[in-house]
Amino acid sequence: MKRSHGYRARSKSAPTRYFWLSLVVFSALVITSFVLFEQPIQAFLAQFALYLPSTPAQKLNLALLLVMLLALDVVLPVPSSLVALLAVATLGSVGGYLVIFIGLCLGAGFGYALGAGYLRVLSSRLGLHQRQPGQLAYRLGTLSLICLRGVPVLAETSVVAAGMQRYPLRPFLLVTTLANAGLALAYSAIGSLLVEQNALLVAILASMVLPVVFIAACSLFNSWRKRERRDTLHGRFEVSYDYPVVFTDHLFDPRNPCLRQQLTASHKGPATVLVFADEQLLQCAPRLAGEIVDYFAAHAPALHLQAAPIAVPAGELSKDGQVLQQLYADMLAHGLDRHCYVLALGGGAVLDAVGYACATFHRGMRLVRVPTTVLAQNDAGIGVKNGINAFEQKNLLGAFYPASAVINDFQLLTSLGHRDQIAGLAEAVKVALIKDQAFFQWMEQQADALARFDHPASRHAIHRCAELHLGHITGAGDPFERGNGRPLDYGHWAAHKLEKLSQHRLRHGEAVAVGMALDALYANAQGLLGDAESERVIGLLLRLGFNLCPPELALKDGQGRSRVLLGLEEFRQHLGGQLSIPMLCRIGASVDLHEIDAAVMEQALQRLSSRGALAVALGEGCAQ
Ligand SMILES: NC(=O)c1ccc[n+]([C@@H]2O[C@H](COP(=O)([O-])OP(=O)(O)OC[C@H]3O[C@@H](n4cnc5c(N)ncnc54)[C@H](O)[C@@H]3O)[C@@H](O)[C@H]2O)c1
């Protein structure tokens, strides 16, 4: 049967009204009984003040009587403070403590039972309204239960109210037992001081007024906060990401199941895939496109290749608005939906661009990254950032969008030019410098092998670097870079500027190497990093073959200012206002600086120019 609107409205408001009504009635009853019977009960108790029990039996009887009085405090006008102090005065502090504690606990339990309606006859006689379990739970609040324990009248009212609200029993018992233990301790400690009538009255009044004032203030504050929140809806949810970074060899050998496994891991039915690959990669590894087609054919029907691999402009050229449009057009033309996969093959640049297209096309495509440069395998490919350059700013447009999987195939690096192989090691030096002193030492020991790109050493460097990067992204608590601190950006403020000034003649890794050397000299000038350590940083970079003195370092603007240093301001804007530059404080650790002394940085830049020029003259670093 349907109820009328009016009925529903009344029944919704009724519980709240009856709750407060019952509470007021009960409080009035307790107060009235105080007014009517306080004098006789006090006179009765006063006799006990003169009575000092001597035998154990007398003490036990007296203890039982006082416990009972405290327990019945809920329905009788017993001045519990007085009874408590009497217990201390007559039974000593330990005996008194036990009596008070037991009496208060029994009283609390009794009051709760009364309020909850377990003692039905008594409850209804006293006008208490029984609540449904869970309704208005915690309305009174745990804080009030604790604070009111020592307050005459309100102590009883609070436990009855807790029962009426069906405040969960276990927490109730825990809260009141702990509060009673504390209160009993306070009574027994100050009992001897308060047995005089006047002091007692003052104590009782203070114990009534102060908690009430405190609770009223809390309540006012809460209602003010509620009013503030009333116009705001809150949404909150969490999404967790889980993707593997797989190391393999000969990924497109049909006998290698790795790619099929990753494409079918979370997919029922055939996985439809569109492949985008760096143009230069396809040229330098001319058999690659055919191998990809053959691989998919060999793994049909689990895998379905939607079209032959599509070439994307090489390297940094791909991070461009027009290329992005072309990527969208290709995905649209090949009918990709959100369940299809995009396989991106290339260096950090192509992965950034294709990743951004995937993040935005259909609001998110499935993406598998196959990094094909050293830098992409140990850094760019395994992270969550994607983006393109726009308005002459690097990575101005982008998205944080993790791939479904990343697959590093060392064999794909063999078609890379030596310059790109070495450039990628800059990120390994970076992550070692900020996170892993032992890894840095290992790189120093292996510097010659790394400079030749010997395979065992290079493999280890890539693996460890990827591990450290991934560990930072997943473990440092800020994968989407909401905060300001970004240790992985060590050396990057200058690197971004140098890349731009060189119009991407400089590789990202090469620019990062210069940026790290510059910041090491700045940290040294500021006393953060010792002479020997800054020399080790520069020494390793030179031994790996980096040119630390590219011509862009010397560029000045119309007012004679270093153009590289203007990159600091751009970096500040990129970070959203507050500058945060990671600087080495030793090898293996960094700190964030929020102010950079331009004059000191200028000196560091000049020092690096002369140091780098000397190295080039001596044939230590290679010219780019
Ligand atoms: N998303 C991130 O977290 C992140 C991190 C670091 C760097 N990056 C970005 O990565 C880019 C730099 O990446 P990169 O150093 O890999 O450079 P890159 O992508 O520009 O590639 C360097 C050159 O190598 C070519 N190439 C790629 N793979 C090849 C292969 N196997 N054989 C032959 N040639 C190949 C490219 O065509 C290009 O000319 C920058 O745009 C940088 O901003 C992104």
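Helices (H or I, at least four residues) and strands (E, at least two) are DSSP runs, numbered from the N terminus. Residues are numbered from 1 along each chain as its sequence is written. This is a predicted model, in which local features need pLDDT of at least 70, side-chain atom pairs count only at pLDDT 80 or more, and totals for chains, interfaces and linings use all residues.

**Stop 1**

Colour the shell by class next. The domain bounds come from an automatic or database domain assignment.

**Stop 2: His 504**

Go to the loop between α20 (492-501) and α21, where His 504 is found. Draw a distance to Gly 315: the two are 189 residues apart in sequence, yet 9.5 Å apart in space, C-alpha to C-alpha. Leaving aside neighbours within four places in sequence, His 504 is in contact with Glu 316 and Glu 499. Contact requires C-beta atoms, placed from the backbone, within 7 Å.

**Stop 3**

Select Ala 300 and Pro 301. A cis peptide bond joins them, with omega about 5°. Pro 301 sits in the loop between α11 (288-298) and β3 (303-305).

Move on to His 362, in the loop between α13 and β6 (366-371). Its phi is near 55°, a positive value in a residue other than glycine. His 362 is partly exposed, because 13 other C-beta atoms lie within 10 Å.

Then pick Glu 392, in the loop between β7 (385-390) and β8 (393-400). Phi is positive here too, near 65°. Glu 392 is exposed, with 7 other C-beta atoms within 10 Å.

**Stop 3: a hairpin**

Show β10 (residues 581-586) and β11 (residues 589-593). They run antiparallel and are joined by 5 bridges; pairing takes at least two DSSP bridges. Arg 586 stands opposite Ala 589. The hairpin has 2 residues between the strands, and Gly 588 takes a positive phi near 105°.

**Stop 4: the cores**

Finish inside. A nonpolar core is a set of buried Ala, Val, Leu, Ile, Met, Phe, Trp, Tyr and Cys residues joined through C-beta atoms within 7 Å. The largest has 112 residues, and Val 354, Ala 517 and Leu 541 have the most contacts inside it. Its largest share, 11 residues, comes from α21. Domain 2 and domain 3 each supply at least three residues to this core.

Centre on Ala 517. Beyond four places in sequence, Ala 517 touches Val 537, Ile 538, Leu 541, Leu 548 and Leu 608. Last, find a second, separate core of 46 residues, including Ala 84, Val 88, Phe 110 and Ala 116.

How values were computed
Contact = placed C-beta atoms within 7 Å. Buried ≥ 20, exposed ≤ 12 C-beta atoms within 10 Å, placed from the backbone.
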